[in-house]
Amino acid sequence: MNSDNQDKLLVVGCGNLGSAIVGGLTCNKVLSAKNIVVYDTIAQKTTRLTKKFGVRRLKSLKELNYSPHVVILAVKPKDVIPTLRG
């Protein structure tokens, strides 16, 4: 990952909501895919978004060595703590 704060957006949770947000932002050219990084506890979900939209993915939140400008937590309330523990 970049340590120069180039990633403007981190999306945590790549289910229906997270995928829709990433798709809407990239397809409407609101934000470049290179400025979006995604994370989900289910690796296949991040792989799917990487292939479909060209965003980058984290295998673990521990890989994040900088603070993105915006973090979207797109998980169900019951999954917040387990997801953030990564």
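Helix H2 is followed by Gly54, whose phi is positive, near 80 degrees. The model is predicted, so local features need pLDDT of at least 70 and side-chain atom pairs count only at pLDDT 80 or more, while totals for chains, interfaces and linings use all residues. Residues are numbered from 1 along each chain as its sequence is written, and side-chain values use heavy atoms, with hydrogens and water left out. Helices (H or I, at least four residues) and strands (E, at least two) are DSSP runs numbered from the N terminus.

H2 spans residues 43-53, and Thr46, Leu49 and Phe53 are buried in it; buried means under 20% relative accessible area, exposed over 50%, and partly exposed in between, with a 1.4 Å probe and protein chains only. Seen down the axis of H2, the buried residues fall within an arc of 60 degrees, so they line one face of the helix. The arc is taken from the directions from the helix axis to the C-beta atoms. On the face turned away from the buried side are the exposed residues Gln44, Lys51 and Lys52. The cover over the buried residues of H2 includes H1, strand E2 (36-39) and strand E3 (56-57).

Thr46 counts as buried because its relative accessible area is 0%. Leaving aside neighbours within four places in sequence, Thr46 is in contact with Cys14, Val38, Tyr39, Asp40 and Arg57, where contact means heavy atoms within 4.5 Å. The side chain of Thr46 also reaches the backbone oxygen of Ala43 at 2.8 Å.

Asn16 lies in helix H1, residues 16-27. Asn16 counts as exposed because its relative accessibility is 74%.

Definitions and conventions. A polar contact is a pair of N or O atoms within 3.5 Å; within protein, one must be able to donate a hydrogen and the other to accept it, and residues adjacent in sequence count only if both atoms are side-chain atoms.
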